[in-house]
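Visitor: I have a structure to read and would like a guide. Where do we begin?

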Amino acid sequence: MDVLTVCLNPALDREFVIDNFSIDKLNIVPNDKNMMSPGGKGVNVAVILSKYGISSITAGFLGGYVGNVLLAELRKTSPLISTSFLRISGETRENIAIADTIHHTLTEINSEGPTVSEEDIKDFIKRYEVLVQKVKTVVISGSVPKGVPYSIYGELTKIAKKYRKIVFWEARDEIIYESIKVAFPDVLKYDMRRSEKILGKILTSEQEYIQAAKDFIKQGASLVILSYKTIHNFIATADGVWKFSPKIEIDHSYLLGSGDNFVAAMVYAQLNGKCCVDMARYGYAAGVAKASYIGKEPPTLSQIEEYLGNIITERVE
Amino acid sequence: MKNIKVKEFMIYDLTFVFENDTVEDVLNVLNKTSFSGICVVDSDLKVVGFVGEEDIIRACLPSYFNLLQTAAFLPDTNLFIKNLKKIAREPVGKYATKPVFTVKPDDSLLYIADMIMRKGYKIIPVVDENNALLGYVTRISVLESAIRGELIMEEK
């Protein structure tokens with residue numbers, strides 16, 4: 001097995017494409033524009049990796065009827081994905097996304113999800129320590145269910161580091177803030193879809209972003225990715241800082257899932273011997289490629305290669 | 001018949017318990033996963049035992065029960081419940097079946113079907129060459145694959 005993707009708060013994704021979507025009105029969805037698929041950032045990464053021929057174990061907390069549907073759908077996806085969810089009493093969440101290709105909007109309705117008990121967390125960590133030894137790389141990505149402390153990414157990373165595994169994170173500021181007090185990942189990618197805060201502060205100037213990325217490197221990360229004004233990224237390694245930008249126009253309603261494609265493509269690149277800024281370039285090309293069309297289907301490897309020519313990577317420090 | 005292999009119809013699921021998990025923990029996992037039995041593994045994910053509903057039922061019945069032809073002779077049905085409550089907090093390692101009958105991803109459907117018929121297995125662990133857990137095959141998935149295999153052959 002190549003990768004362990006940790007998805008603490010998986011979700012059943014429902015995607016509706018409703019053109020001219022309007023509130024306070026009945027909106028009818030054509031059958032072919034009504035999709036249901038297993039989701040949650042870690043699960044998405046596992047699914048994308050399976051399309052690139054990479055095997056993974058997906059672990060996290062799962063429960064209830066929605067949880068069973070998610071698992072049944074995930075098992076159908078690919079024999080390259082092994083599931084190892086800890087079953088809990090609460091109900092797994094559902095994420096509803098409504099995309100409008102006429103008005104270029106994306107409306108998301110996410111249920112809050114279950115509450116996880118302390119006992120369940122202990123059981124999960126015990127199982128995680130067994131699974132982590134079976135893989136080369138660990139990806140921890142996405143939200144944390146209620147009851148689970150924000151420092152969990154750090155705790156899981158500390159265990160992975162005991163076995164010398166490469167660790168990727170993609171998470172929100174609150175999680176990163178608490179977790180880096182425990183351990184640093186190798187690759188730190190900020191999920192800034194909901195908030196543009198970095199360590200509790202809203203950054204505005206490019207210089208502030210560059211400084212924040214450099215600080216994370218100084219503290220222990222090998223590669224830091226901060227998204228900037230949605231479509232740009234600041235990338236830092238021990239060698240310097242880069243600003244990534246697309247050469248093409250990006251439709252914001254197509255951005256759904258581009259972060260997961262970014263992470264999965266970086267993992268693919270890492271497993272295939274790419275390092276540091278080249279790994280980030282590959283991930284960014286995948287993210288931009290994904291943002292060039294609607295739908296959850298990830299770009300192919302040849303599309304990613306092609307999109308390497310559609311991005312600008314400018315060294316800023 | 002087409003030579004279908006385990007890896008084509010197994011469930012790639014790594015649900016397992018440890019030897020020191022309690023009987024109650026195991027019942028909880030079986031209930032939530034709808035598996036009739038699961039593997040007991042060590043810290044290397046190596047399969048060291050197997051525990052199913054039947055192992056737990058057997059553990060709650062008096063030792064002479066196997067000699068009886070029918071449950072009608074059971075002196076006290078409450079005894080079963082009492083015993084179940086008694087062992088609920090005990091480590092499951094005590095009640096697991098060892099050694100475990102396992103199969104490999106390249107084993108054939110015919111071989112598994114044969115073992116299911118002879119031994120009555122409902123769920124069988126699939127392991128790698130080091131005996132580490134890879135997943136499970138269930139009786140229903142064997143039956144389903146067997147039917148599909150037959151249909152494919154008839155079409156040809």
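**Reading rings and an interface**

Guide: At 6% relative accessibility, F35(B) counts as buried, because the cut-off for buried is under 20%. Keep in mind that this is a predicted model.

Visitor: Is Y136(B) buried or exposed?

Guide: Y136(B) is buried, at 0% relative accessibility.

Visitor: How do the rings of F35(B) and Y136(B) sit, by centres and planes?

Guide: Their centres are 5.2 Å apart and their planes stand at 55 degrees, so this pair is tilted. The label follows from the angle, because planes over 60 degrees apart would count as edge-to-face and those under 30 as stacked. The pair links distant parts of the chain, 101 residues apart. F35(B) lies in the loop between α2 (23-33) and β2 (37-41) of chain B, and Y136(B) is in strand β5 (residues 133-138) of chain B.

Visitor: How many aromatic pairs are there over all chains?

Guide: The whole structure holds 16. Take Y209(A) and Y228(A): ring centres 4.9 Å apart, planes at 70 degrees, so edge-to-face. This pair also links distant parts of its chain. Y209(A) belongs to helix α6 (residues 206-219) of chain A, Y228(A) to strand β13 (residues 223-228) of chain A, and they are 19 residues apart. Y209(A) is buried at 1% relative accessible area, and Y228(A) is buried at 5%.

Visitor: Which residues form one aromatic cluster?

Guide: Y52(A), Y268(A) and Y282(A) do.

Visitor: Now the interface. What is the area buried between chain A and chain B?

Guide: The general idea: interface size is often given as the accessible area lost when the parts come together. Here chain A and chain B bury about 1,600 Å² between them, with carbon and sulfur atoms giving 53%. In chain A, the residues losing the most area to chain B are R87(A), R127(A) and V130(A), together 34% of what that side buries. The contact takes 18 residues from chain A and 17 residues from chain B.

Visitor: How many salt bridges and how many residue pairs in polar contact lie between chain A and chain B?

Guide: Three salt bridges. One of them joins the side chains of D21(B) and K126(A), at 3.3 Å, N to O.

Visitor: Which elements of chain A supply the side that touches chain B?

Guide: α2 (64-77), β5 (81-88) and α3 (118-132) of chain A each supply at least two residues. β5(A) gives the most, with six residues. By class, that side of chain A has seven nonpolar, six polar and five charged residues.

Notes:
Residues numbered from 1 in each chain as written. Chains lettered and ligands numbered in written order. Predicted model: local features only at pLDDT ≥ 70, side-chain atom pairs only at ≥ 80, totals over all residues. Heavy atoms only, no water. Contact = heavy atoms within 4.5 Å. Buried area = accessible area lost by both parts, 1.4 Å probe. Salt bridge = Lys/Arg side-chain N within 4 Å of Asp/Glu carboxyl O. Helix = DSSP H or I, 4+ residues; strand = E, 2+ residues; numbered from the N terminus. Nonpolar A, V, L, I, M, F, W, Y, C, P; charged D, E, K, R; others polar. Phe/Tyr/Trp six-rings, centres within 6.5 Å; stacked < 30°, edge-to-face > 60°. Buried < 20%, exposed > 50% of the residue type's maximum accessible area, 1.4 Å probe, protein only.
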